[in-house]
Amino acid sequence: MKRKLSSIQRPFLLHISGAYRTTPTAALQTILGIPPLHMQVQFEARFNSIYCQRIPLPSFITGTQPHDLEMKATSWSTHPSEYLKPNQISFEDGEAYIARKDILNIFTDGSKTEHGVGAAFCVLTNDIWAYQWSAKLNDNNTVFQAELTALHEAVIYASHLPNHNTSKIHVDNRASIMASSNSKSTNETARKILKILLSNPRIKVSWVKAHACNIGNERADQLAIDATQHGQPYSHTKLPKLHIKSLLRKRMLEEWQTSWKNGDTGRKIYNIMPSVSLRPTNWIREDVIFFSQHGHFPAYLKRFHLSGSDYCSCGGIGRALHYATECIYTVSWHMRKPAPNFEQEWLKRVANNLVILFQKNNLFTILKFKTKSFL
């Protein structure tokens, strides 16, 4: 099955890279940052088995339990006849309502920095900061989860206020408002928010433009940023799908790296790129031909029995490096020839140096035509 999937993937790799058809598949995958197809299939199968079939987590995922994962909710959260009143949700900038004295204004925000994930809300009434709340979520939670958590805690706070108080919650994240007002939302936190809003019509949610010098929004933003380092731990928000995907992707990269390291093909590329990555190189077609040494070079043609000699017209061995450093016919575009024992390091430096890469592209264009003319 691996061979069959590889044969399906290979033509696409060749067309994307423009490489010669004899270039090893493993080398093309590493150059383009595209994992072997069977590993990608296994990655998707593992992910779907966890979230669709609800099977136990693989043994290599440690420190996480199935009940820690955020699962997609099914069916409708409420009966179709139940819906929010038109004035409860607003996607227009709510800044114009801040100055009103008869409304309790609550500002929410979520933040994710290199220190972690934080959520917060603050309460403004009669130009006085009456209350504030903040918490530090799991480092693997997303900003969207932080925004929903802040909104959820804000509606809980507003629902416990006396009935004569009208509360307006200002949120700078449209996605969290849309999820919380949608009865078909599959997010559990959004469903909880919707149920509270349905039973408390005096609570209104409005969008406010972020980073627009809005004193309430700026204060909530600063509280959320501070919470990423000093907030109280908050364990009610479960781990997102992205966390499991990142763990499964890491496992796939480890398997790919082992396969690339222990493989028996594409060793010329392996000496230049010993580590695999999902980020493709910025090589053009001529770069692939040069570093893989699969191209119109006499040494290549002799190796595949397409020519009777591997010598260049100048008398040297017709390798790619020969034309780049010493052939008398390409002397105008020569790069400095490395010592034999530093050849691999030289190739690595050339492959990773963008300045040299720009210079040698002109050389490769000449080589592509010069080599043909020398045959």
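The legends below describe close-up views of a predicted model. Local features are given only where pLDDT is at least 70 and side-chain atom pairs only at pLDDT 80 or more, while totals for chains, interfaces and linings use all residues. Residues are numbered from 1 along each chain as its sequence is written, and side-chain values use heavy atoms, with hydrogens and water left out.

**View 1. The interface of domain 1 and domain 3**. The domain assignment, which is automatic or taken from a database, gives domain 1 (1–69 + 239–266), domain 2 (89–237) and domain 3 (282–374). Nine residues from domain 1 and 10 residues from domain 3 make the contact, where contact means heavy atoms within 4.5 Å. Between them the two domains bury about 800 Å², 66% of it on carbon and sulfur atoms; buried area is the accessible area (1.4 Å probe) that two parts lose on being put together, summed over both. On the side of domain 1, Tyr20, Thr22 and Ile31 lose the most area to domain 3, together 64% of what that side buries.

**View 2. Helix H10, residues 285–292**. Helices are DSSP runs of H or I with at least four residues, numbered from the N terminus. Seven of the eight residues of H10 are buried, so this helix is largely enclosed by the rest of the structure; buried means under 20% relative accessible area, exposed over 50%, and partly exposed in between (1.4 Å probe, protein chains only). The buried residues are Glu286, Asp287, Val288, Ile289, Phe290, Phe291 and Ser292. Just after H10, glutamine 293 takes a positive phi of about 60 degrees.

**View 3. The salt bridge of lysine 136 and aspartate 139**. A salt bridge is a side-chain nitrogen of Lys or Arg within 4 Å of a carboxyl oxygen of Asp or Glu, and the structure holds five of them. In this pair the N to O distance is 3.4 Å. Lysine 136 counts as buried at 19% relative accessibility, whereas aspartate 139 is partly exposed at 44%.

**View 4. Glutamate 326 with lysine 337, and the network of Arg46, Arg251 and Glu255**. The side chains of glutamate 326 and lysine 337 meet in a salt bridge of 2.7 Å, N to O. Both residues lie in the loop between helix H12 (320–325) and helix H13 (343–352), so the pair ties together parts that are 11 residues apart in sequence. Salt bridges that share partners join Arg46, Arg251 and Glu255 into one network.

Note on methods
Helix = DSSP H or I, 4+ residues; strand = E, 2+ residues; numbered from the N terminus.
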